[in-house]
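Biologist: I'd like to learn how to read a model like this one. Can we go feature by feature?

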Amino acid sequence: MSLNVTALETKHLELGATMTDFAGWNMPLRYTSDREEHTAVRERAGMFDLSHMGQIRVEGPDAGAVLDYSLVNILSGMPIGRARYSLMVDQAGGIIDDLIVYRNDDTDFLVIANGANRLTVVDELTSRSAAIEARVAIQDNTESRCLIAVQGPASLDILLSVIDEEDRAAVAELGYYRHGRYALAGVPIHLARTGYTGERGYEVMADANAAIQLWDIIATAGEAHGLQPCGLSARDTLRLEAGMPLYGNELSRDVTPAGAGQGRVVKLDHEFVGAQALRSHGDPATSLYGLVGEGRRAARAGSRIRIDGEDVGEITSGVLSPTLGYPIALALLKPGIDEGQAVVADVRGKDQPMTVTALPFYQRNN
């Protein structure tokens with residue numbers, strides 16, 4: 001079966017990217033080296049094509065009610081121009097996807113879903129809206145849109161140099177998890193100050209026909225700031241250092257929000273699909289932990305963790321941190337383990353000492 005391609009496919013090939021199948025899309029894994037791209041985002045700025053992410057519009061008089069019923073927190077009361085992280089769970093409380101919801105106006109919301117789960121999220125929103133007989137239209141605009149992320153300390157300076165003059169003051173003052181509609185070199189864009197790297201960053205959403213033009217404009221403006229194109233590999237190590245969960249690793253239908261360390265997102269004082277199951281659950285079987293090790297040998301996803309010989313769970317993501325220089329990992333382990341607890345990871349049949357630590361592993365001091 002052929003892979004989906006984003007509107008930036010020819011640009012990636014022109015830049016010599018190593019491409020990979022990701023959630024059914026042909027996506028850039030890297031352009032140069034994973035470390036170089038990771039470091040660019042931490043020290044200067046990086047640019048990512050994230051057009052495989054689902055862009056789903058929920059519009060109509062009952063749009064807020066549909067999202068309240070479909071997701072674990074309350075979106076109908078979110079102010080216009082704000083964004084909120086959320087989760088969609090199934091009837092048993094297992095996580096279907098994690099998403100970001102943007103409110104455009106009273107009756108218009110944008111839902112950004114993971115590429116692998118996009119069609120499932122569309123189907124669930126459609127069936128859940130029908131269940132409450134909502135007056136709403138749900139439209140999957142993913143293939144007609146693009147999404148370019150600009151992340152790193154220089155991201156704002158780069159964007160301000162190309163944002164139309166009348167919008168620069170508003171963009172300069174845009175707060176975290178805020179968004180709006182502006183123009184970049186005359187091209188209409190939807191700009192959000194969100195991201196998945198632990199750095200200040202922005203996500204540029206626009207018509208797919210403008211993707212290459214926008215990419216080239218931002219790339220040219222970023223040259224003076226050391227901006228580099230970055231692939232999915234660097235995005236993964238950046239999010240891991242920032243302690244951010246990934247669907248398919250830390251999040252899945254096999255775990256509840258509380259079991260994946262996301263219980264704070266859930267608001268049980270409203271009715272939504274899966275609420276009854278989550279209310280009836282006792283203590284979760286797992287909690288999300290950060291682990292750090294010594295040396296240069298990283299423990300990877302699937303490595304079992306022991307304390308005093310007892311198996312207490314497994315690593316879900318692990319890497320040798322490019323920024324910190326030592327192994328880090330996220331793990332789903334039994335609850336109640338204290339920070340500073342020594343553990344042992346089974347790394348390809350050899351014991352690797354690690355220590356439980358607070359998350360995130362990396363946080364920029366602003």
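Biologist: Where is the place of proline 360?

Modeller: Proline 360 sits in the segment after strand S19 (350-357). Strands (E, at least two residues) and helices (H or I, at least four) are DSSP runs, numbered from the N terminus. This is a predicted model, in which local features need pLDDT of at least 70 and side-chain atom pairs pLDDT 80 or more, while totals for chains, interfaces and linings use all residues. Residues count from 1 along each chain as its sequence is written, and side-chain values use heavy atoms, without hydrogens and water.

Biologist: Which peptide bond is cis?

Modeller: Most peptide bonds are trans, and most residues other than glycine have a negative phi. Here the bond from leucine 359 to proline 360 is cis, with omega near 0°. Tyrosine 177 is not a glycine, yet its phi is positive, about 60°. Tyrosine 177 lies in the loop between helix H6 (168-172) and strand S10 (179-184).

Biologist: At what angle do H2 and H8 pack?

Modeller: Two packed helices are described by an axis angle and an axis distance. Helix H2 (residues 34-43) packs on H8 at about 55°, with the axes 8 Å apart. Therefore H2 is oblique to H8. (Axes are lines fitted to C-alpha atoms over the stretch in contact, with angles from 0 to 180 degrees between N-to-C directions; under 35 is roughly parallel, over 145 roughly antiparallel, 65 to 115 roughly perpendicular, the rest oblique.) Asp34, Glu37, His38, Val41 and Arg42 of H2 meet Ser233, Ala234, Thr237, Leu238 and Glu241 of H8 (heavy atoms within 4.5 Å).

Biologist: How do the axes of H3 and H4 cross?

Modeller: They cross at roughly 110°, and the axes of helix H3 (residues 63-70) and helix H4 (residues 118-131) come within 9 Å. So H3 is roughly perpendicular to H4. Val66, Leu67, Tyr69 and Ser70 of H3 meet Leu125, Arg128, Ser129 and Ala131 of H4.

Biologist: How much space lies in the largest pocket?

Modeller: A rolling probe the size of a water molecule shows where empty space is left. The largest pocket holds about 1,000 Å³. (A pocket is an open set of points on a 1 Å grid over the protein atoms alone, where a 1.4 Å probe fits, with protein on both sides within 12 Å along at least five of seven lines; lining residues have an atom within 4 Å of a point. Volume is the space filled by probe spheres on the points, which are joined across faces, edges and corners.)

Biologist: Which residues lie nearest its centre?

Modeller: Tyr85, Asp98, Tyr196, Met244 and Pro245, out of 45 lining residues. H8 gives the largest share of the lining, five residues.
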